[in-house]
Amino acid sequence: MVSNKLVYACFCTDVIHEGHLNLINEAKKYGKVVVGVLCDSEMVKYNRFPLKSTSERVQLVKNIPDVDKVIIQENIMYDDVVNELHPDYIIHGDNWSDDSMKIIKKNILEVLDEYGGTLIEIPYTFNPKVQKIDRQMKEKLAMPEIRRKRLKQLLNMIPIVKTIEVHSGLTGLIAEKTIIADENHIDQFDAMWISSLCDSTEKGKPDIELVDMTSRFRTINDIMEVTTKPIIFDGDTGGIAEHFVYTVRSLERMGVSAVIIEDKIGLKKNSLFGNEVKQTQDDIEHFCEKIRAGKNAQLSEDFMIIARIESLILEQGMDDALKRAFAFRDAGADGIMIHSRREEPNEILEFCDKFREQDPETPIVVVPSSYNTITEVELIKHGVNIVIYANQLLRAAFPAMQNAAKSILKYQRAHEIDEELLSIKDIITLIDEI
Ligand code: SPV
Ligand code: MG
C-alpha cells in the first residue's frame with residue numbers, strides 16, 4: 001500500500017549511481033518521493049562543481065522510476081524548501097563526516113523539529129564502484145578542457161568569483177579543500193591566483209619578471225597535479241607581444257583559464273611600490289597590440305586575456321584609467337583588472353561605477369590587498385566579478401616559519417615551539433595517498 005506521506009531528498013550530483021538508487025528505493029517505502037536538485041550556485045559553494053547543466057541534472061533525476069516529482073532546491077540549507085513542501089520525511093545518507101555535512105544535518109533536524117517531521121538516515125553506499133565514480137568525477141574536473149572553461153562558467157553562475165593566491169602544491173590543496181561551515185553559511189574559494197609576487201618570493205627572488213616562464217609553468221604544474229579549481233595566472237607585463245603569443249598557447253594547453261597582463265613596460269616592479277620606484281606605463285596603442293596578438297593566437301573559446309590597468313597605482317588619474325579600460329576592452333580584452341594601493345577603496349569603487357555606466361558586461365577584477373576592509377558584498381554592488389586575495393597565504397606562512405626558526409635558535413632545542421606547530425601525526429597524514 002502506498003501511503004500519502006511525502007518524502008524529500010536533495011541531490012547534488014552529476015551522475016546517478018547505486019547509492020542514489022538505494023536511497024530512492026528506501027524513500028519509496030515511506031510515501032511519495034520528491035527530489036530537489038541543488039542549483040548550480042549552491043553546488044559551487046559546496047565544492048561540487050556541476051559538470052552538467054541544471055536542466056540535465058533535473059532530467060537525470062526524473063529518469064529514476066520511483067521519483068514522483070523533481071524540483072530545484074535554491075539553497076543548501078533546507079529552510080525554504082521545507083517551508084514550501086512540509087515533507088513528512090527527509091531522507092539522507094548517513095555520511096555526515098565533514099563540517100559542512102554536520103551543519104546541514106543540524107539544519108535539517110531544526111527545520112523538521114518545527115512541525116514534527118522525521119529524518120531518515122540510511123547507510124551511505126560505500127562500494128568500490130561508487131568510490132570509482134566519485135574519483136572519476138574529480139579526475140574529469142582536473143582535465144585541461146574542463147578546468148579551462150570553468151572560470152567563464154563561474155562568471156555566469158555566481159555573483160563574485162572568490163580567488164585565493166597559491167604558489168605550490170600545498171597551497172593549492174588549501175585553496176581546493178578549505179571550506180567554512182557555520183550556522184548560516186557554507187562557502188569555499190572558487191579559483192586560484194598564481195601571483196608573480198608570491199611565486200617569485202617563494203623562490204627567494206624579487207618580483208621583477210626575473211623568474212622565467214619555464215619556472216612559472218612548473219609552479220602551475222605542481223598546483224594542477226593536486227587540484228581541480230580554475231587558475232588565473234599573473235602574466236606580469238606579458239613581455240613583448242612576439243613572446244606573449246607563445247605564453248597564451250602554453251597556458252591554454254595546460255588548462256589555465258585566464259592570464260592577466262599589466263600595462264607597464266621596461267623593468268617591472270611590484271605595483272604596491274607605486275611611484276616609490278621607477279615604473280613606466282605602456283602607451284595605450286602598444287598595449288592594445290599585445291592584447292590583439294594574444295587574442296589572435298588563442299585557440300580555445302574559453303581562455304580569457306584580462307588587461308590590468310596601472311593608472312591609479314602610478315597616479316595618472318581616473319580619466320586615464322577609464323580611457324585605457326575602454327581601449328583595452330575594444331582591443332579584445334575579456335576583462336579589466338583595476339588596481340590601487342590606497343587604504344580606502346574609494347578610487348576603485350569610483351572606477352567600477354564609471355566603467356559600469358558604459359559597460360554592464362565586461363568582467364571587472366580587483367585585488368583588495370591594501371584596501372582590505374571592503375567586503376565582497378560591497379564589491380558585488382559596484383559590479384565587481386572577480387576578487388583576488390593575492391598574497392595572504394604566503395604572508396601567513398612567512399612569519400610563522402621565521403618564528404619557529406628563531407625559537408629553535410633561542411632555546412637551542414625545538415621543544416618550545418612545538419605546541420604552535422602541526423603535530424607530527426598530522427603532518428605525516430596530511431597528504432592522502434591514492
Ligand atoms: C601579484 O600578486 O603578483 C600582483 C598583485 O601582481 S600586486 O602584488 O598587488 O601587484
Ligand atoms: Mg604580480
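**View 1. The magnesium site in the predicted model, with Ser196 and Asp234 as its protein ligands.** Ser196 and Asp234 are both buried, a word used here for under 20% relative accessible area, with exposed meaning over 50% and partly exposed anything in between (1.4 Å probe, protein chains only). The magnesium ion (ligand 2) is coordinated by OG of Ser196 and OD of Asp234 at 2.1 to 2.2 Å; donors are N, O and S atoms within 2.8 Å of the metal (3.2 Å for Na, K and Ca), and sites may look incomplete since water is not among the atoms. The pair links distant parts of the chain, for Ser196 belongs to helix α9 (residues 196–202) and Asp234 to strand β10 (residues 231–234), 38 residues apart. Helices (H or I, at least four residues) and strands (E, at least two) are DSSP runs, numbered from the N terminus. This is a predicted model, in which local features need pLDDT of at least 70 and side-chain atom pairs count only at pLDDT 80 or more, while totals for chains, interfaces and linings use all residues. Residues are numbered from 1 along each chain as its sequence is written, chains are lettered from A and ligands numbered from 1 in the order in which they are written, and side-chain values use heavy atoms, with hydrogens and water left out.

**View 2. The surroundings of ligand 1.** Ligand 1 is surrounded by Trp193, Ser195, Ser196, Leu197, Asp234, Asn270, Ser271, Leu272, Arg308, His339 and Ala390, where a residue is listed if one of its heavy atoms lies within 4 Å. Oxygen atoms of ligand 1 lie 2.8 Å from a backbone N or O atom of Leu197, 2.8 Å from a side-chain N or O atom of Asp234, and 2.7 Å from a side-chain N or O atom of Arg308. On its own, ligand 1 has 280 Å² of accessible area, and the protein covers 99% of it; accessible areas come from the Shrake-Rupley method with a 1.4 Å probe, and for residues only the protein chains shown count as cover.

**View 3. Ile260 and Asp236, two buried residues that touch each other.** Ile260, in strand β11 (residues 258–262), counts as buried because its relative accessible area is 1%. Not counting residues up to four places away in sequence, Ile260 touches Trp193, Ile232, Phe233, Asp234, Gly235, Asp236, Ile306, Arg308, Met337, Val365 and Ile388, with contact meaning heavy atoms within 4.5 Å. Asp236 lies in the loop between β10 and α11 (241–254) and has a phi near 50°, a positive value in a residue other than glycine. Asp236 counts as buried because its relative accessibility is 5%.

**View 4. The largest nonpolar core and a second, separate one.** A nonpolar core is a set of buried Ala, Val, Leu, Ile, Met, Phe, Trp, Tyr and Cys residues joined through side-chain atoms within 4.5 Å. Of the 51 residues in the largest such core, Ile220, Phe328, Ile338, Phe351 and Val366 touch the most other members, and helix α13 (residues 318–330) gives the most to this core, with seven residues. A second, separate core has 25 residues, including Leu6, Tyr8, Tyr78 and Leu119. Apart from residues up to four places away in sequence, Phe328 touches Asp263, Ile284, Phe287, Cys288, Ile291, Ala307, Ile309, Ala333 and Ile336.

**View 5. Polar contacts of Asp359 in a loop.** Asp359 is found in the loop between α14 (346–358) and β16 (364–366), and it counts as buried because its relative accessibility is 4%. The side chain of Asp359 makes polar contacts with the side chains of Arg329, at 2.9 Å, and Thr362, at 2.6 Å. A polar contact is a pair of N or O atoms within 3.5 Å; within protein, one must be able to donate a hydrogen and the other to accept it, and residues adjacent in sequence count only if both atoms are side-chain atoms.

View 6. Leaving aside neighbours within four places in sequence, Asn391 is in contact with Glu165, Leu197, Cys198, Leu272 and Ser369.
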